[in-house]
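Welcome! Let us take a guided walk through a protein model, one topic at a time. Keep the picture open as you read.

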Amino acid sequence: MAAWFARGGVAEVILAVNHLSDKLKVEVSRRKLDTKTVLSVEETPLGTGGPISLASPLLNRDELLIVANGDVISDIDLQGLITAHVQSGAEATIALVSMEDARPFGLATLDANDRITGFEEKSETNRGPSWINAGVYALTPKVVAMIPQGRSVSLEREIFPVLASQGEMRGWRHVGFWYDIGKIPDYINANRQLLQRAEFRETTSVETSVPMAKIRQPSYIGKNCRIEDTAKLGPYTILSERVSVKGGAQVSETIVFEQTSLGENCAIEDSLIGEGVTVGKETRIGRGSLIAGQVVIPDRATIRPGSVILN
């Protein structure tokens, strides 16, 4: 997302965080991101609007603010959205994406000029294809000033309907890929669909004696992975950075996070493996399993399908 912001002309990113903020500080500090990045930490959850108000001392009060949900992945043309926003003179512009079932999302009603005339957040009555809130906004300083301080605020329920009633909000229709990855099944589905796009299958700096042609595609191998001969990977396998895979390991339809070690002759199918995990040799991990970070699974263990193992 930092790279996406940079391509859109954003120079500084403020991460509004609450849960696991200490770990996020470590992750951000050790990565070379494409933008200057600072953290604004909520002591208690403040909804979708409260974090903006909390971070207001970090904002330039004369500049446009771009807001993006952290659990959304897309190829939204951010520069195009900003240009359309400036040209429209609106106080807020929301990226919209067409969805066959709008019930889990915020529904926007538009007129012929893409002005948003109504905004309804998550309703069981929103059946059928509709333009929904894509979680990316351009907001003027006036909108930021509208957000109450010191409490949880919902942009979608408290701010956007007011702007829509005043004719001050525009929609920007996005045609491209867009995924909500806030839930684990959605996260897995998004990764698998993105693997089918060539630009997300690049492989660099891999220490392996396995010919890449023998890794069943679509798959992704991150930087500085070590893969021994006779390991079998794919299809739909994602190895994050610095993953090691011992000889004879068989890994398919699985996402593996950073610095995890997969033991000799282990077998993993359709699972999600956290960061810093050690999987022992000859271990079997069944379909649909979730393994949290920093877990050590002993040699020759059998993890039943659908298991959840926490640290």
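Which side chain meets that of R300 in a salt bridge? The partner is E282, with 3.4 Å from N to O. A salt bridge here is a side-chain nitrogen of Lys or Arg within 4 Å of a carboxyl oxygen of Asp or Glu. R300 lies in the loop between β25 (296–297) and β26 (302–303), and E282 in the loop between β22 (278–279) and β23, so the pair ties together parts that are 18 residues apart in sequence. Helices (H or I, at least four residues) and strands (E, at least two) are DSSP runs, numbered from the N terminus.

How open are the two residues to their surroundings? R300 is exposed, at a relative accessible area of 51%, while E282 is partly exposed at 35%. For these words, buried means under 20% relative accessible area, exposed means over 50%, and partly exposed is in between (1.4 Å probe, protein chains only).

## How to read the model

This is a predicted model, in which local features need pLDDT of at least 70 and side-chain atom pairs count only at pLDDT 80 or more, whereas totals for chains, interfaces and linings use all residues. Residues are numbered from 1 along each chain as its sequence is written, and side-chain values use heavy atoms, with hydrogens and water left out.

In total, the structure holds 10 salt bridges. One of them joins D270 and R287, at 3.3 Å from N to O. This pair links distant parts of the chain, 17 residues apart: D270 sits in the loop between β20 (267–269) and β21 (272–273), and R287 in the loop between β23 (284–285) and β24 (290–291). D270 counts as buried, at 18% relative accessibility, but R287 counts as partly exposed, at 38%.

Another salt bridge is formed by E158 and R151, whose closest N and O atoms are 2.9 Å apart. Both ends are partly exposed: E158 has a relative accessible area of 31%, and R151 has one of 38%.

## A sheet of six strands

An open sheet is formed by 6 strands, in the order β12-β15-β18-β21-β24-β27, and the pairing is parallel. At its edges are β12 (219–221) and β27 (308–309), each of which pairs on one side only. Two strands pair if DSSP finds at least two bridges between them.

Inside this order, β21 and β24 pair in the parallel sense over 2 bridges.

Which residues of helix α6 (residues 155–165) are buried? They are L155, E156, I159, F160, L163 and A164. These residues cover an arc of only 130° around the axis, which puts them on the same side of α6. The arc is that of the directions from the helix axis to the C-beta atoms. On the other side of α6, R157 and S165 are exposed.

The buried residues of α6 pack against several elements, including α3 (50–54), β5 (92–99), β7 (116–121) and α5 (141–146). After the helix comes G167, whose phi is positive, near 70°.

## Rings that meet

A pair of aromatic rings is described by the distance of the centres and the angle of the planes. Rings of Phe, Tyr and Trp (its six-membered ring) pair if their centres lie within 6.5 Å; planes under 30 degrees apart count as stacked, over 60 as edge-to-face and the rest as tilted. By this rule the model has 6 aromatic pairs. The rings of Y137 and F160 have centres 5.0 Å apart and planes at 75°, so this pair is edge-to-face. It links strand β8, which holds Y137, with helix α6, which holds F160, across 23 residues.

Y137 and F160 are both buried. Ring pairs also bring in F119, which joins Y137 and F160 in a cluster.

## A buried histidine

Finally, find H174 in strand β9 (residues 169–174). H174 counts as buried, at 4% relative accessibility. Its side chain makes a polar contact with the side chain of D75 at 3.1 Å. A polar contact is a pair of N or O atoms within 3.5 Å; within protein, one must be able to donate a hydrogen and the other to accept it, and residues adjacent in sequence count only if both atoms are side-chain atoms. The H174 side chain also reaches the backbone oxygen of F177, at 3.1 Å.

Technical notes:
Contact = heavy atoms within 4.5 Å.
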